[in-house]
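Dear colleague,

Please find the structure below, followed by a short account of what was found in it.

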Amino acid sequence: MGVKILAIETSCDDTGIAILEVHPVKSAKGGVSQKAKQFDWARKTNFKVLSNVVSSQIKIHKQYGGVFPMMAKREHQKNLVPVLIKSLKKAKLIEEKTTAYGGVPQNAVKEITEIKDKKLEEIFKKEPELYKLTKKFLGNYEKPNIDFIAVTYGPGLEPCLWTGVNLARALSYFWQIPIIPINHIEAHILVNFLDPSTSLRARKKIKFPAISLVVSGGHTQLILVKDIGKYQIIGETRDDAAGECFDKAAKILGLDYPGGPLISKIASTVKKSTVSLPRPMMHTKDYDFSFSGLKTAVLYETKGKKLTKDYVKAVCFEVQQSIIDVLVKKTTNAAKDYKVKTIILGGGVSANKELRKQLGEKIKAELKKTDYIIPDESLSTDNGLMIAVAASFHKNKKVGWRRLHADANLRIEK
Ligand code: KG4
Ligand code: ZN
């Protein structure tokens, strides 16, 4: 009696679709306890990941040194339906429609009635490529056994968000399945409920209140998590995000996009710093960040210098350490001031091995009683599974397809 959630993520340059089965925890006798039924049963659940397919656009954006929203939108339009089919097939949830004689009917696409066709056309007014592929998909495949469709509706790049949102709307309309709209930042936090030590099956216990540091290419926020769904942003970047700083510094050093993983890899070959960069806002009393000055400092540091292998290594090490120093200091300050029980890391930059390690060491040394929770490295960067996990906590937020829209500037506090 589990429910199946199909989740779509297209807020930036990764096209992700996952399918998650959520089960109420069984009591000792084998049944679902009355307590679990009465209370928010999503809080007493186990997960079964049926599929989590991500198609990265890195190859395309590499050539331009960054993500251009309209180009990323075009890629999402191309990728979404193939990723959807792959994800549903992996989960063993779809079958091609067959005729009485077997095989795919030749006129499958035409089976969509005129009225339905018009509605789909209306939904995909601005995504003609996606419209063509979706129409074909819906004509060729039977409705899968899915209970909810979850989708990121913000924050993110507006044209990209709309591709996922409109696919969710089309599937919801055509299959008559409700939609659960998900905040991308909240999903980076809640993905931590998947326990990597149990092959992502058990629901991890997280004690609240918690401080969550969400660090990605678009955001750097310190969020006080009073409970699931109850958030307060206590600090954030005033200019560039931490991931953005990694990416821009990499560009200055002649490295490919995205720069974060590359800088991290190169930095790991060096033991100590031989160049010096600032730690912006590290000692201010607030919980805000500023990383644009660090990028400028890298620009000045490297000006007129020959980018030899050793020099690039030294700058990579220092950029990474500067970002880590600031993130670790502000996060532990916040944890102490708010006397939280848990520190949760999330977002693409949380894949950074040194950040994971150094924040852990500092917590062990200075906040002995505080739990430290980090996502499986593969779930740090954008993916559909994080959207599905977040949706498992928000079944009561379901909406009809007509009411859903993208919101590029969505805030988690709303
Ligand atoms: O969360 P995410 O996949 O997308 C956004 O929501 O922005 O984060 C992508 C960001 C990029 O800026 C990328 O350079 C950074 O995460 N990133 C890393 C690492 N892996 C990804 N930064 C530092 N070290 C890493 N290992
Ligand atoms: Zn993200």
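The zinc ion (ligand 2) is coordinated by His-184 (NE2), His-188 (NE2) and Asp-382 (OD), at 2.1 to 2.2 Å; donors are N, O and S atoms within 2.8 Å of the metal (3.2 Å for Na, K and Ca), and since water is not among the atoms, sites may look incomplete. The donor residues follow the spacing H-x3-H-x193-D in sequence. His-188 in helix 7 (residues 184-190) and Asp-382 in the loop between strand 10 (371-373) and helix 13 (384-392) lie 194 residues apart, and the pair links distant parts of the chain. Helices (H or I, at least four residues) and strands (E, at least two) are DSSP runs, numbered from the N terminus. His-188 counts as buried because its relative accessibility is 1%; buried means under 20% relative accessible area, exposed over 50%, partly exposed in between (1.4 Å probe, protein chains only). Asp-382, at 13%, is buried.

The model is predicted: local features need pLDDT of at least 70, side-chain atom pairs count only at pLDDT 80 or more, and totals for chains, interfaces and linings use all residues. Residues are numbered from 1 along each chain as its sequence is written, chains are lettered from A and ligands numbered from 1 in the order in which they are written, and side-chain values use heavy atoms, with hydrogens and water left out.

In helix 8 (residues 242-252), the buried residues include Cys-245, Phe-246 and Asp-247. The buried residues of this helix pack against partners including strand 6 (210-215) and helix 11 (309-337), contact meaning heavy atoms within 4.5 Å. Just after helix 8, Gly-254 has a positive phi of about 75°.

Yours sincerely
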